[in-house]
Amino acid sequence: DYEVQPWFDCGATAATRASAEQKLRTAPKGHFIVRPSSKPGCLALSVNDRTGVIHAVMTHSALGWQVNLGDTVSSKFPTVLQLLQSLQPYLQFPAGQGGGGGGDDE
């Protein structure tokens, strides 16, 4: 269940685009936050990239989760965690925080 992962920012203090940028600006390159998107039914991925903090919309369909990062559209994956794992080493999971295994995150 992605909602319980330490990289998911939700609830009353959910990250906005601006607060995600503030949190990630001083984080190591590749660190990220997944947060609710302003687009219904979608999530937002915010990543501290080599050029600064970037944002992408993660969409869900019957075929799975997908993200569009600039000119690159990912394959579809059945879970959010599997999608994020496919983006390694671009994304850096903190040790013990969702980077390993293939557990069910939906």
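## Salt bridges

A salt bridge here is a side-chain nitrogen of Lys or Arg within 4 Å of a carboxyl oxygen of Asp or Glu. In this predicted model, local features need pLDDT of at least 70 and side-chain atom pairs count only at pLDDT 80 or more, while totals for chains, interfaces and linings use all residues. Residues are numbered from 1 along each chain as its sequence is written, and side-chain values use heavy atoms, with hydrogens and water left out.

The rule gives two salt bridges. One joins the side chains of Lys-23 and Asp-9, at 2.6 Å from N to O. This pair links distant parts of the chain: Lys-23 sits in helix 1, Asp-9 in the segment before helix 1, and 14 residues separate them. Asp-9 is buried, at 12% relative accessible area. Lys-23 is partly exposed, at 43%. The cut-offs are under 20% for buried, over 50% for exposed, and in between for partly exposed (1.4 Å probe, protein chains only).

The other salt bridge pairs Glu-21 with Arg-25; their closest N and O atoms are 3.9 Å apart. Both residues lie in helix 1, four residues apart, so about one helical turn separates them. Glu-21 is partly exposed, with a relative accessible area of 23%. Arg-25 is exposed, at 54%.

## Fold

The protein chain has two helices and five strands. Their order along the sequence is α-β-β-β-β-β-α. Helices (H or I, at least four residues) and strands (E, at least two) are DSSP runs, numbered from the N terminus.

The five strands form an open sheet with the order 1-2-3-4-5 and antiparallel pairing. Strand 1 (32-36) and strand 5 (72-73) are the edges; each has a single partner strand, so one side of each lacks a neighbour in the sheet. Two strands count as paired if DSSP finds at least two bridges between them. Strands of a sheet pair through backbone hydrogen bonds, either parallel or antiparallel.

## Strand 1 and its surroundings

Five bridges hold the antiparallel pairing of strand 1 with strand 2 (residues 43-49). Within strand 2, Ser-46 stands opposite Ile-33. Helix 1 (residues 17-25) packs on the sheet and touches strand 1, strand 2 and strand 3 (52-61). The direction of helix 1 makes about 165 degrees with that of strand 1. Axes are lines fitted to C-alpha atoms, for helices over the stretch in contact, and angles run from 0 to 180 degrees between N-to-C directions.

The loop between strand 1 and strand 2 contains Lys-39. Lys-39 is partly exposed, at 49% relative accessible area. Lys-39 and Met-58 are 19 residues apart in sequence, with C-alpha atoms 9.7 Å apart in space.

## Burial and contacts

Of the 106 residues in the protein chain, 42% are buried. The accessible surface comes to about 5800 Å², and carbon and sulfur atoms supply 53% of that area. Areas come from the Shrake-Rupley method with a 1.4 Å probe; for residues, only the protein chains shown count as cover.

Among contacts (heavy atoms within 4.5 Å) with a separation of 6 or more, 36% join residues 24 or more positions apart.

## Confidence

The pLDDT (the predictor's confidence in each residue, from 0 to 100) averages 82 over the protein chain, and 84% of the residues score at least 70.

Where pLDDT is low, the predicted coordinates should not be read in detail.
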